[in-house]
Amino acid sequence: MNDKAVENMYVSKSNRRSETFREIKKNRLIYLMILPGMLYFIIYKYFPMYGLIIAFQDYKPYLGMTGSPWVGFEHFERLFTDPMFWSIFKNTLILFGMNLLIFFPIPIILSLMLNEVRITKFKRTVQTLVYIPHFMSWVIIVSIGYVMLTMDGGVINELLVYFGFEKINFLLNDSWFRPMYILQVIWREMGWGTIIYLAAMSAIDPQMYEAARMDGASRMRQMWHITLPSIRTVIVVLVILKIGDVLELGFEHVYLLLNAMNRNVAEIFDTYVYTVGLRQGQFSYSTAVGFFKSFIGLILVMGANWLSKKAGEEGIY
Amino acid sequence: MVHDRTLGSRMFDIVNYTLLAIIAMITILPFIHVVGGSFTTSAELAARKFVLIPTDWSLDAYRFIFSTDTIFRALGVSILVTAGGTLFSMLLTSLMAYGLSRRNLPFRSTMMFVVIFTMLFNGGMIPTFLIVQYTGLLDSLLALVIPVSINVFNMIILKSFFQNLPEGLEESAKIDGCNDIGIFSRIVIPLSMPAIATISLFYAVTYWNTYLHAILYLNDADKWPVQVLLRQIVVLATGMNYDSAEFGDTPPPDQTVKMAVIVVATIPVLMVYPFLQKHFAKGALLGSIKG
């Protein structure tokens with residue numbers, strides 16, 4: 001390399017740097033527009049991430065995050081020896097498993113069914129109706145469930161009696177908690193979950209179906225061999241995202257269903273963090289519990305992403 | 001498209017349409033039951049079990065819940081939080097989305113990463129609670145808004161929408177001497193009204209449904225939004241009936257009263273639902289996430 005080339009390189013490098021600087025200056029109003037949003041993310045999303053350090057401290061409100069004494073992994077040791085731990089861990093995993101195995105396929109099936117509907121008006125009407133519950137808060141969903149399932153005049157129990165069965169105390173019974181939970185999830189999210197699949201299905205080339213019909217493929221076969229493979233990537237991405245949600249499974253919903261009678265099956269990480277942290281004021285210990293949960297969640301997402309890439313799919317990042 | 005007219009295909013259609021009709025019915029029946037039940041008398045509800053359309057119309061339940069100011073106060077709080085929160089969120093979200101929609105902006109991808117990373121990992125309930133406390137929002141209605149001002153999904157949807165606007169418009173405005181804020185407020189916003197309206201409705205529904213943050217950050221019962229009150233009345237069966245100071249010797253809320261409270265908390269969402277549905281049903285919005 002001769003001197004001239006080296007000089008050229010320097011010039012272009014510093015040129016590029018000053019160009020970036022000029023771009024930034026030119027866009028200063030744009031940065032100003034982004035600033036409030038950025039501040040929000042930094043203060044209410046990243047500061048709490050920094051706040052996770054109290055999981056390694058003995059946090060005292062009057063000492064604050066920076067002044068509280070360090071205790072290393074003491075809270076994590078306590079967590080793993082806590083008799084509640086395995087029960088919470090199990091409950092969280094079971095609800096997660098139910099979400100993934102029972103709930104997750106339902107929107108796919110529903111969108112396959114909707115996709116076969118040729119009468120637009122019928123399709124619209126069904127869609128309009130099944131999307132509604134998604135816009136209701138969990139409080140409303142659980143409340144409706146409550147007035148229908150209660151022993152004092154709830155319609156389900158009244159019908160059970162009418163048909164000659166015994167009343168069932170759905171709300172205060174630990175063996176009914178999980179079915180009730182997943183049914184409410186299905187009711188609220190089944191319709192909404194179809195949107196993304198239907199969008200993916202609408203992009204499928206109609207010629208594929210015509211060719212399949214020429215070859216005498218039945219409607220079921222067309223669904224299985226054309227529609228499903230065409231949305232495979234979308235399904236994979238949504239599975240990964242769902243796994244990311246794992247441990248995020250609606251604190252609100254579970255907390256609303258939780259009571260003294262079903263605590264042994266309904267207590268999950270989030271509700272435990274709430275009870276121990278905010279009700280009992282054990283900030284550090286409950287942060288450790290939450291941290292452990294988030295950490296598992298992150299590992300699961302990365303694992304699922306790695307697996308999907310291994311299988312030749314895209315993954316989410 | 002050529003239609004398949006074989007017997008098998010017709011059978012398929014019959015089964016498919018029937019099942020879909022049943023699914024749609026089952027989804028919606030609980031709502032009809034609750035609305036119907038709220039407009040009838042306790043006696044009819046007890047006698048007829050599964051009321052859909054009442055025969056014995058009555059407004060007793062509504063008269064009962066509106067007889068004190070508890071519910072008015074809660075509704076007032078919810079309306080205030082919904083209106084204020086939506087405005088605030090839209091301001092922050094659209095400004096940020098527009099900024100990040102600029103293709104040649106230095107550090108754009110870094111900033112996008114900072115935003116998207118928060119979807120994968122977060123500090124969790126307790127550290128967030130402590131930050132809310134440090135920033136002085138505890139027991140203030142602002143705690144229901146500021147700590148959740150931007151929804152990443154909504155921001156990305158708006159950003160993709162802005163990105164799809166023709167670039168030439170901005171350039172010509174620039175030549176005419178308009179600065180970035182002028183372009184945003186005078187050109188981008190008016191052109192994006194459908195997207196802005198939809199995202200606003202999404203925010204409004206979220207704020208109306210706010211519950212978690214109210215129980216986390218507000219101790220003062222006077223500041224509870226309607227969702228918290230609903231839970232008190234229906235799920236805990238406290239709130240109204242145990243609060244004897246306010247209700248005197250009135251009997252505990254019966255089914256019709258609980259249903260009426262559910263209806264009151266639900267109606268606003270149902271009212272905006274047709275507008276919301278018009279936009280997302282096309283799949284246009286969520287389809288654009290990929291972009």
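How many helices and strands are there in chain A? The model, which is a predicted one, has 18 helices and zero strands in this chain; here helices (H or I, at least four residues) and strands (E, at least two) are DSSP runs, numbered from the N terminus. Residues are numbered from 1 along each chain as its sequence is written, while chains are lettered from A and ligands numbered from 1 in the order in which they are written. Because the model is predicted, local features need pLDDT of at least 70 and side-chain atom pairs count only at pLDDT 80 or more, whereas totals for chains, interfaces and linings use all residues.

Along the principal axes, the C-alpha atoms of chain A fill a box of roughly 95 × 70 × 40 Å. Of its 317 residues, 37% count as buried, a label for residues with 20 or more other C-beta atoms within 10 Å of their own; 12 or fewer makes a residue exposed, and anything in between partly exposed, with C-beta atoms placed from the backbone.

Helix H17 (residues 269-279) and helix H18 (residues 283-310) of chain A pack with their axes 8 Å apart, at an angle of about 170 degrees. Axes are lines fitted to C-alpha atoms, for helices over the stretch in contact, and angles run from 0 to 180 degrees between N-to-C directions. H17(A) and H18(A) are therefore roughly antiparallel, the term for angles over 145 degrees. Among the residues that meet are Phe269(A) and Tyr272(A) from H17(A), and Phe283(A) and Lys293(A) from H18(A). By class, this contact has seven nonpolar residues, three polar and one charged; Ala, Val, Leu, Ile, Met, Phe, Trp, Tyr, Cys and Pro count as nonpolar, Asp, Glu, Lys and Arg as charged, and the others, Gly among them, as polar.

Between the chains, 79 residues of chain B are in contact with 80 residues of chain A, contact being C-beta atoms, placed from the backbone, within 7 Å. Helix H1 (residues 7-38) of chain B gives the largest share of the chain B side, 14 residues. That side has 51 nonpolar, 22 polar and six charged residues.

Finally, two loop residues of chain B deserve a look. Phe107(B), between helices H4 (70-101) and H5 (108-120), has a positive phi near 65 degrees. Asp139(B), between helices H6 (125-134) and H7 (152-163), has a positive phi of about 60 degrees. Phe107(B) is partly exposed, with 15 C-beta neighbours inside 10 Å; Asp139(B) is partly exposed with 13.

Notes:
Two residues are in contact if their C-beta atoms, placed from the backbone, lie within 7 Å. Angles under 35 degrees count as roughly parallel, over 145 as roughly antiparallel, 65 to 115 as roughly perpendicular and the rest as oblique.
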